[in-house]
Amino acid sequence: SPSQMEEKKKEVCITLRPFELTDLSDVMAWVADDRVAQWCRLDAFHSREDAQSFLESSLIAHPWARPICLSGRPIGQMTFKQGSDIERCRGEIGYALAYEHWGKGIATEALKMAVNAIFCGFPEIQRIDAVVIDWNVGSQKVLEKAGFVKEGLLRKYRLKKGETLDMF
Amino acid sequence: RMAGEEGTGELSISFRPLEVEDADDVMAWKGDPRVAQFCRWDTYTCRDEAVAFIQNFAVHHEWCRAICVAGRPVGCISVTIGKDEARCRGLLKYELAHRCWGKGVATSAVRLAVPAVFREFLRLERIEAMVIPENKGSMRVLEKCGFLREVILRKYEVGEGRLWDVALF
């Protein structure tokens, strides 16, 4: 029903707090899951030690990484990396969401919020881009719904498990 | 034509590493605003900047060569290999003294460089180049060398108080 949908939407929030070491158990829900990682730049971290190392070095230490929180609990991540020198007017956004929360519009909402936060928080940023594997149609739809425009296909752009991928 | 040379009948080019002694020749293009504007770096105003460029960029770079005509450096060309998941791709950059524009020199340089880099870096599967669309000469160089224009990246760079679109080949 419409009011239940509204309730669900109200629960979706990105906190502006940075990641914390105590988030480790929640973070493992998506970081240790191959079903999530297969779509992402990095491979899954299956052990608690590897996940902790990733949390410390890549999320907590990140210039801009935020948990996507549902009712205050991290269920995914949003990251933004600003370009340097002449590319400081642009940056790349990336996200990952725990598998059980796919298909509910959460990533789209989180992305819209993150885009607003980034344009507000980074006054030099005039462009946000994202790179997605060509067969990741779900993520392409998320980006389009959040207002991104598909620009072009980059062939053999990244390596994943020893193979090159074409990416939008 | 010697091995390692390439070019039109009029101008054949060769590659060698840049050396600090080349600083004056380097200033001929680094100090030229007509070159700087298309390359999006600030025009060099003194020889020390050329020396610093040679020492800090060219000498230690994984693949950087002086483009030489009749043995004299008239420009330079480099391919920067990506890290980690980006190590399958390399970014091609080249810059050439204005007096050598329109003579096929850049085309020869790119034609010579691309297979050399693919031979040297075995994991490399993609070479890309970024050029501002206003730089029609460079767009033609890349097209002549078999590069495909994939996309125009809008508002990708900032310089001289404005944003620039970049064509990615």
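**Notes on the two-chain model**

Colleague: Let's start with Ala44(A): is that residue buried or exposed?

Modeller: Ala44(A) counts as buried, at 15% relative accessibility (buried is under 20% relative accessible area, exposed over 50%, partly exposed in between, with a 1.4 Å probe and protein chains only). Before we go on: this is a predicted model, where local features need pLDDT of at least 70 and side-chain atom pairs count only at pLDDT 80 or more, while totals for chains, interfaces and linings use all residues. Residues are numbered from 1 along each chain as its sequence is written, chains are lettered from A and ligands numbered from 1 in the order in which they are written, and side-chain values use heavy atoms, with hydrogens and water left out.

Colleague: Thanks. Where in chain A is Ala44(A), and what does Ala44(A) touch?

Modeller: Ala44(A) lies in the loop between α3 (34-37) and α4 of chain A (helices, H or I of at least four residues, and strands, E of at least two, are DSSP runs numbered from the N terminus). Not counting residues up to four places away in sequence, Ala44(A) touches Val31(A), Ala32(A), Asp33(A), Asp34(A) and Ala37(A) (contact means heavy atoms within 4.5 Å).

Colleague: How do α2(A) and α4(A) pack?

Modeller: Helix α4 of chain A covers residues 48-60, and α2(A) packs against α4(A) at about 100° with the axes 10 Å apart (axes are lines fitted to C-alpha atoms, for helices over the stretch in contact, and angles run from 0 to 180 degrees between N-to-C directions). That angle makes α2(A) roughly perpendicular to α4(A) (under 35 degrees is roughly parallel, over 145 roughly antiparallel, 65 to 115 roughly perpendicular, and the rest oblique).

Colleague: Which residues make that contact?

Modeller: From α2(A) there are Leu24(A), Ser25(A), Val27(A), Met28(A) and Val31(A), and from α4(A) there are Arg48(A), Ala51(A), Gln52(A), Phe54(A), Leu55(A) and Leu59(A). By type, the residues of the α2(A) and α4(A) contact are eight nonpolar, two polar and one charged (Ala, Val, Leu, Ile, Met, Phe, Trp, Tyr, Cys and Pro count as nonpolar, Asp, Glu, Lys and Arg as charged, and the others, Gly among them, as polar).

Colleague: What about Trp30(A), buried or exposed?

Modeller: Trp30(A) is buried, at 2% relative accessibility, and sits in helix α2 of chain A. Beyond its neighbours within four places in sequence, Trp30(A) contacts Phe19(A), Val36(A), Pro74(A), Ile75(A), Gly76(A), Gln77(A), Ala96(A), Leu97(A) and Ala98(A).

Colleague: And Asp26(A), where is that residue?

Modeller: Asp26(A) is in helix α2 as well, residues 24-31 of chain A. Asp26(A) is buried, with a relative accessible area of 16%.

Colleague: Which residue does the side chain of Asp26(A) make a polar contact with?

Modeller: The partner is the side chain of Arg73(A), at 2.5 Å (a polar contact is a pair of N or O atoms within 3.5 Å; within protein, one must be able to donate a hydrogen and the other to accept it, and residues adjacent in sequence count only if both atoms are side-chain atoms). Leaving out its neighbours within four places in sequence, Asp26(A) is in contact with Arg73(A) and Pro74(A).

Colleague: Over to chain B. How do α1(B) and α3(B) cross?

Modeller: In chain B, the axes of helix α1 (residues 23-30) and helix α3 (residues 47-58) come within 9 Å and cross at roughly 105°, so α1(B) and α3(B) are roughly perpendicular to each other. The residues of that α1(B) and α3(B) contact are seven nonpolar, no polar and three charged.

Colleague: How much area is buried between chain B and chain A?

Modeller: About 2,100 Å², with carbon and sulfur atoms giving 53% (buried area is the accessible area, 1.4 Å probe, that two parts lose on being put together, summed over both). Glu85(B), Tyr156(B) and Val158(B) supply 29% of the area that chain B buries against chain A, more than any other three residues. In terms of contacts, 22 residues of chain B meet 22 residues of chain A.

Colleague: Last one: what is phi of Lys156(A)?

Modeller: Phi of Lys156(A) is near 50°, a positive value in a residue other than glycine. Lys156(A) is in strand β6 (residues 154-160) of chain A and is partly exposed, with a relative accessible area of 37%. Among its contacts outside four places in sequence are Cys88(B), Glu125(B) and Arg126(B).
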